[in-house]
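Student: I'm new to this structure and would like a close look at a single part. Could you walk me through how the helices pack together, and then show me what surrounds them?

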Amino acid sequence: MILYEYPFNERIRTYLRLEHLFRRLGELVPREHPIDHHYALATIFEVMDVAARADLKSDVMKDLEKQKQALNSYRGNPAIAESVLDEVIGKLEGCFSTLNNLPGKAGQSLTENEWLMSIRSRVGIPGGTCEFDLPAYYAWQHRSATMRQDDLERWASTLAPFAESVHMLLKLLRDSGTPQKVMASHGQLQQTLPQGRTFQLLRLRLDPKLGLVPEISGNRLMVSVRLMRQETADRLQASNDNAQFELTLCS
């Protein structure tokens, strides 16, 4: 099954983008080729760019505190295992404390590294990191894979508290939803959302054998899914077939 996720607000959109980048970084750093490490470094810069567009640290800390208060309200509930509850709340408190002790925005300490910032200013230019533009960076790429990995892990460690916190918040959000099987009639589904609840994330699982691609849109009142099929010349065309998929709304 292919999993698609659709955020209902800009904050969750930012969290998903950061998670995507942190996953990519986790894949690239353990590799050994200089090209992989070039894109790992470019990914670190992308994380810094995404995090700089909003007051990420403040938003994450507010969400961590909100989740902690919500979970504390379950204390004394006989259906809740206190040991598991304590463990989750402890992780939230740890994330909050680590972020609170981190100075400035995400990657703030990296902006003080002139060598890294010289690379960052050239990464967005097509071919801008050639050896004649950045000879020191070219030399770094010829170091041993172990040395490059140590450098990347050191630089990425400044972003680790954000990665851990975003992962924790998205896990709790995803666990809040209940999957349901739905049917798209003639390739379309429209579903009215229940009043009194504010959903933040939609998750859709679709069988790849169907050869369909979902186009998702939604707001606080309604969700709409239109299934598309990739035809010749790589163009997407609306599908008229009935198709079943799994839908999860997370609040």
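Tutor: Helix H1, residues 10–28, packs against helix H3, residues 56–72, at an angle of about 105 degrees, and their axes are 12 Å apart. Angles of 65 to 115 degrees count as roughly perpendicular, and H1 and H3 are therefore roughly perpendicular to each other. On the H1 side the contact is made by Arg11, Thr14, Tyr15 and Leu18, while H3 brings in Leu56, Asp59, Val60 and Asp63. Sorted by type, the residues of this contact come out as 4 nonpolar, 1 polar and 3 charged. Keep in mind that this is a predicted model.

Now stay with H3. Its 17 residues, at 1.5 Å a residue, should span 24 Å, and the end C-alpha atoms are 24 Å apart, which agrees. Find Leu56, Lys57, Val60, Met61, Asp63, Leu64 and Leu71 in H3: they are buried. Look down the axis of H3 and these buried residues fall within an arc of 160 degrees, so they line one face of the helix. On the other side of H3 you'll find Lys62, Lys66 and Gln69, which are exposed. What do the buried residues of H3 pack against? Their partners are H1, H2, H4 and H8.

With 19 residues at 1.5 Å each, H4 should span 27 Å; its end C-alpha atoms are 26 Å apart, which agrees. The buried residues in H4 are Leu85, Ile89, Leu92, Cys95 and Leu99. Seen down the axis of H4, they fall within an arc of 115 degrees, so they too line one face of their helix. Those buried residues pack against H3 and helix H8, which covers 160–175.

Leu173 has a relative accessible area of 7%, and the cut-off for buried is under 20%, so Leu173 is buried. Leaving aside residues up to four places away in sequence, Leu173 touches Ile12, Gln200, Leu201, Cys250 and Ser251.

Next, go to H2, another of the partners of H3. The axes of helix H2, residues 34–52, and helix H7, residues 145–156, come within 11 Å and cross at roughly 10 degrees. Angles under 35 degrees count as roughly parallel, and H2 and H7 are therefore roughly parallel to each other. From H2, the residues Pro34, His37, Ala40, Leu41 and Ile44 meet Ala145, Arg148, Gln149, Leu152, Trp155 and Ala156 in H7. By type, the residues of the H2 contact with H7 divide into 8 nonpolar, 2 polar and 1 charged.

Val29 ties in here. Val29 sits in the loop between H1 and H2, and at a relative accessible area of 9% Val29 is buried. Which residues does Val29 touch, not counting those up to four places away in sequence? They are His37, Ala40, Gln149, Leu152 and Glu153. Two of them, His37 and Ala40, are among the H2 residues that meet H7, and Gln149 and Leu152 are among the H7 residues that meet H2. As for Leu41, Val29 is 12 residues away from it in sequence and 8.8 Å away in space, C-alpha to C-alpha.

Phe132 lies in the loop between helix H5 (114–123) and helix H6 (135–140), and with a relative accessible area of 65% Phe132 is exposed. Its C-alpha atom is separated by 43 Å from that of Thr232, 100 residues apart along the chain. His186 lies in the loop between strand E2 (180–184) and strand E3 (188–192), and at 52% relative accessibility His186 counts as exposed. His186 also has a positive phi of about 55 degrees although it is not a glycine. Most residues other than glycine have a negative phi.

Finally, zoom out. The protein has 8 helices and 8 strands, and 40% of its 251 residues count as buried. Among contacts between residues at least 6 apart in sequence, 72% join residues at least 24 apart. Along its principal axes, the C-alpha trace spans about 60 × 60 × 30 Å.

Methods. Residues numbered from 1 in each chain as written. Predicted model: local features only at pLDDT ≥ 70, side-chain atom pairs only at ≥ 80, totals over all residues. Heavy atoms only, no water. Axes fitted to C-alpha atoms, helices over the stretch in contact; angles between N-to-C directions. Helix = DSSP H or I, 4+ residues; strand = E, 2+ residues; numbered from the N terminus. Parallel < 35°, antiparallel > 145°, perpendicular 65-115°, else oblique. Contact = heavy atoms within 4.5 Å. Nonpolar A, V, L, I, M, F, W, Y, C, P; charged D, E, K, R; others polar. Expected span 1.5 Å × (residues − 1). Buried < 20%, exposed > 50% of the residue type's maximum accessible area, 1.4 Å probe, protein only. Arc of directions from axis to C-beta.
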